[in-house]
Amino acid sequence: MAVEVLGAHRIISPRLHRRKRKMAAGVLHSASLAGICSFTPTTDKWNICRLISSHRHSMVSQNSSSAAAIGFSTTSSSGTYGESKRVWVWTESKQVMTAAVERGWNTFVFPSQSRELADEWSSIALIDTLFIEEGAILDGENRRVATMLEVANPKELELLQPEKALGENLVVDLLDWQVIPAENIVAAFQGSGKTVFAVSKTALEAQVFFEALEHGLGGVILKIEEVKALLDLKDYFDRRDEVSNILSLTKAVVNRVQVAGMGDRVCVDLCSLMRPGEGLLVGSFARGLFLVHSECLESNYIASRPFRVNAGPVHAYVAVPGGKTSYLSELKAGKEVILVDQKGHQRTAIVGHVKIETRPLILVEAKRDSDDQTFYSILVQNAETVALVCPSKVAEPSLTLAAERELQKTAIPVTSLKVGDEILVRLQGGARHTGIEIQEFIVEK
């Protein structure tokens, strides 16, 4: 049956649904949804949210107990998820069902006594139905899809081992405790080939399960009656999807460096350690953000602080998740920012502490070679530990060691910056409303 992976509704007419049921297994079948026609085999079942891959939304065929469907690409703030993350929905709310289907989650879990509700929803939407019955989860043909267990104490958790789990999927209801049991389960089942689901009643619980010991559980059953929890979980996947993409960074040439006097600048201390070539996107204009390097490099003046970016003055824009910007003055503990490296790889990081102090500032202005009319500028503290990231270059075998080191440098301290130096900027739309890019006439200077 046709699906358009993101955004297209999987709501269908009863006539189309009857036609789907008559099709033989393995035969490709199609329909037109929202004016878009695509195909998926009848063996495709049960939603998968891919937390790692390229930015694509793919249909993947697997066996009857693990299955395939919609893919989203994301990266965790501290590393890479290698597994696919699945979401099944347990609800009696038609509004939740509709919202889930519209967002690509079409596997629904029902108590065994709710088969009439399952049939009703199947007549109006392309959904896969699973049923809870005596410690097992069955498909519509009464085949075991997963074993379901409650874990209420440490002793029951210790007994939870891969060799004792029937089938390829295991659903665990952790009742009133989450983090430590989830971590223990991840450790116990790692490399077993089995997928462990946890029953979650909120998007925050689901996030805990997906991030336990970095790799996380294989999936969640989202047991909810309110649409908001589902939207929050989708937003979580969207944010993780965003950081798996490589940002396009543009080379710009410095055309002006000028001491600007005193101002209130913001040091951003993160809950993550940064590597050479990595920093925050900051700028006076949203249309062009400079890649400001972290203080991870060794210095003769001060100890390395790989968690810190001396970012700029309070008025400056900084890139945050969701394609948005925030003023540096608005950052505070618990907020998220986007970290970007010299090659455009990005990840999210949590702000742990913000420090605003009055310091001497320096103005840096740059432009692209292909555009003499558009200028980009940033003000930063006039200090040797503040640096802008420069483009990476490929060294030639004939170069001297000193010339090769010059090509391999990652950043230029602003105290050494001069006209003609090349630095990296992120170009984007300039008009913003509450940090969101909008289409609007704007002049910034």
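## Reading burial, cores and rings in a predicted model

Trainee: Is E134 buried or exposed?

Mentor: E134 is exposed, with a relative accessible area of 80%; the label exposed is given over 50%, buried under 20%, and partly exposed in between, with a 1.4 Å probe and protein chains only. Please note that this is a predicted model, in which local features need pLDDT of at least 70 and side-chain atom pairs count only at pLDDT 80 or more, while totals for chains, interfaces and linings use all residues. Residues are numbered from 1 along each chain as its sequence is written, and side-chain values use heavy atoms, with hydrogens and water left out.

Trainee: Where does E134 lie, and what is its phi?

Mentor: E134 occupies the loop between strand 6 (128-133) and strand 7 (136-138), where strands (E, at least two residues) and helices (H or I, at least four) are DSSP runs numbered from the N terminus. Its phi is positive, about 50°, although E134 is not a glycine. N142, also not a glycine, has a positive phi of about 60° and belongs to the loop between strand 7 and strand 8 (144-150).

Trainee: How should I read the confidence of the chain?

Mentor: The quantity pLDDT is the predictor's confidence in each residue, from 0 to 100. The chain averages 76, and 71% of the residues score at least 70. Confidence is lowest in strand 2 (residues 36-40), with a mean of 30, and highest in strand 15 (residues 308-313), at 96. Over residues 1-83 the pLDDT is below 50, yet this stretch has 211 contacts in the model beyond near neighbours in sequence, a contact being heavy atoms within 4.5 Å.

Trainee: Which residues of helix 6 are buried, and on which side do they lie?

Mentor: An α-helix has 3.6 residues a turn, so residues three or four places apart point the same way. In helix 6 (203-211), the buried residues are A203, E205, A206, F209 and F210. They cover an arc of only 155° around the axis, which puts them on the same side of helix 6; the arc is that of the directions from the helix axis to the C-beta atoms. In helix 3 (residues 115-122), A118, W121 and S122 are buried. These cover an arc of only 100° around the axis, and therefore lie on the same side of helix 3.

Trainee: What flanks helix 6?

Mentor: T202 is in the loop between strand 10 (195-200) and helix 6, and at 34% relative accessibility T202 counts as partly exposed. Helix 6 is followed by L213, whose phi is positive, near 50°.

Trainee: Which residues touch the most other members of the largest nonpolar core?

Mentor: A nonpolar core is a set of buried Ala, Val, Leu, Ile, Met, Phe, Trp, Tyr and Cys residues joined through side-chain atoms within 4.5 Å. Of the 41 residues in the largest one, F108, I185, L230 and L233 touch the most other members. Leaving aside neighbours within four places in sequence, I185 is in contact with L157, L160, V172, L174, V196 and L217. A second, separate core of 36 residues includes Y376, V380, L417 and V425.

Trainee: Which charged residue lies over the face of W90?

Mentor: A charge sits over a ring if NZ of Lys or CZ of Arg is within 6 Å of the ring centre and within 35 degrees of the ring normal. K223 lies over the face of W90, at 4.1 Å from the ring centre, and the charged end of R115 sits over the ring of F131, 4.0 Å from its centre.
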